[in-house]
Structures are given as structure tokens and as C-alpha cells.
Amino acid sequence: MGVASRHIKSPFGALCVSAMDEGVAGLDWGEGTTHDPHPLLDAAEEYLARYFAGEPVTLDLPFHLTGTDHHQKVLRAMAAIPYGKTET
């Protein structure tokens, strides 16, 4: 399967989540009506709904990282920061 996308509403505006079989591939601002079926999009939509509702969440979704080796290293380091924590 290629890239699947879903537009969802958030308290801050419309979001578009995209996923591939390997993992969530993107999260962008954007209006639209796309609602592709994909289990990762279901999980991402549920996660975001709980997050915006202020519920405790654990980000355990797989990601499909792209970019240079350095870019991917930075993204992995950012993903390792615990929820609600700040690191420099």
C-alpha cells in the first residue's frame, strides 16, 4: 500500500495525518475530506483525540522516518523524550 491520509479536526485547526505500512509518515496542518482506511490512521486519530482531551497518553505508534541519516537521528532523539518533559 502507498501513502494513506486522513483529515481530522483538532482544537487548533484541521490536521492531515499520513501513514504507510511501515508507520506514521506525516502530520501537517490542512483542511480536507480525505478519510482513507488504515489501522495506523485509526490509532493516530485515537491518540490525538486523547491527547487533545488532556488524557495521559503514551506515544507508541511506529513511524516511517525519511530524510538524511542526521535528520533521522534527530527525530529518533526527539521521540525518546518522555511526554511532558523538556530536554536540551
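This is a predicted model: local features need pLDDT of at least 70, side-chain atom pairs count only at pLDDT 80 or more; totals for chains, interfaces and linings use all residues.
Helix 1 comprises 14 residues, 39–52, and spans 20 Å from its first C-alpha to its last, close to the 20 Å expected at 1.5 Å a residue. Its buried residues are Leu40, Leu41, Ala44, Tyr47 and Leu48. Viewed down the axis of helix 1, these residues fall within an arc of 125 degrees, so they line one face of the helix. An α-helix has 3.6 residues a turn, so residues three or four places apart point the same way. After helix 1 comes glycine 54, with a positive phi near 85 degrees.

The largest pocket holds about 920 Å³ of space. It is lined by 28 residues, of which Leu27, Tyr47, Leu59, Phe63 and Ala79 are the closest to its centre. Strand 2, strand 3, helix 1 and helix 2 (69–79) each give two or more residues to this lining. By class, 23 of the lining residues are nonpolar, four are polar and one is charged.

Alanine 19 is located in strand 2. Its relative accessible area is 0%, so alanine 19 is buried. With residues up to four places away in sequence not counted, alanine 19 touches Gly2, Val3, Ala4, Val24, Ala25, His38, Leu40 and Leu41. The C-alpha atom of alanine 19 is separated by 8.9 Å from that of arginine 6, which is 13 residues apart from it along the chain.

Key
Residues are numbered from 1 along each chain as its sequence is written. Side-chain values use heavy atoms; hydrogens and water are left out. Helices (H or I, at least four residues) and strands (E, at least two) are DSSP runs, numbered from the N terminus. The expected span of a helix is 1.5 Å times one less than its number of residues. Buried means under 20% relative accessible area, exposed over 50%, partly exposed in between (1.4 Å probe, protein chains only). The arc is that of the directions from the helix axis to the C-beta atoms. On a 1 Å grid over the protein atoms alone, a cavity is a set of points where a 1.4 Å probe fits but cannot get out, and a pocket is an open set with protein on both sides within 12 Å along at least five of seven lines; lining residues have an atom within 4 Å of a point. Grid points are joined across faces, edges and corners, and a volume is the space filled by probe spheres set on the points. Ala, Val, Leu, Ile, Met, Phe, Trp, Tyr, Cys and Pro count as nonpolar, Asp, Glu, Lys and Arg as charged, and the others, Gly among them, as polar. Contact means heavy atoms within 4.5 Å.
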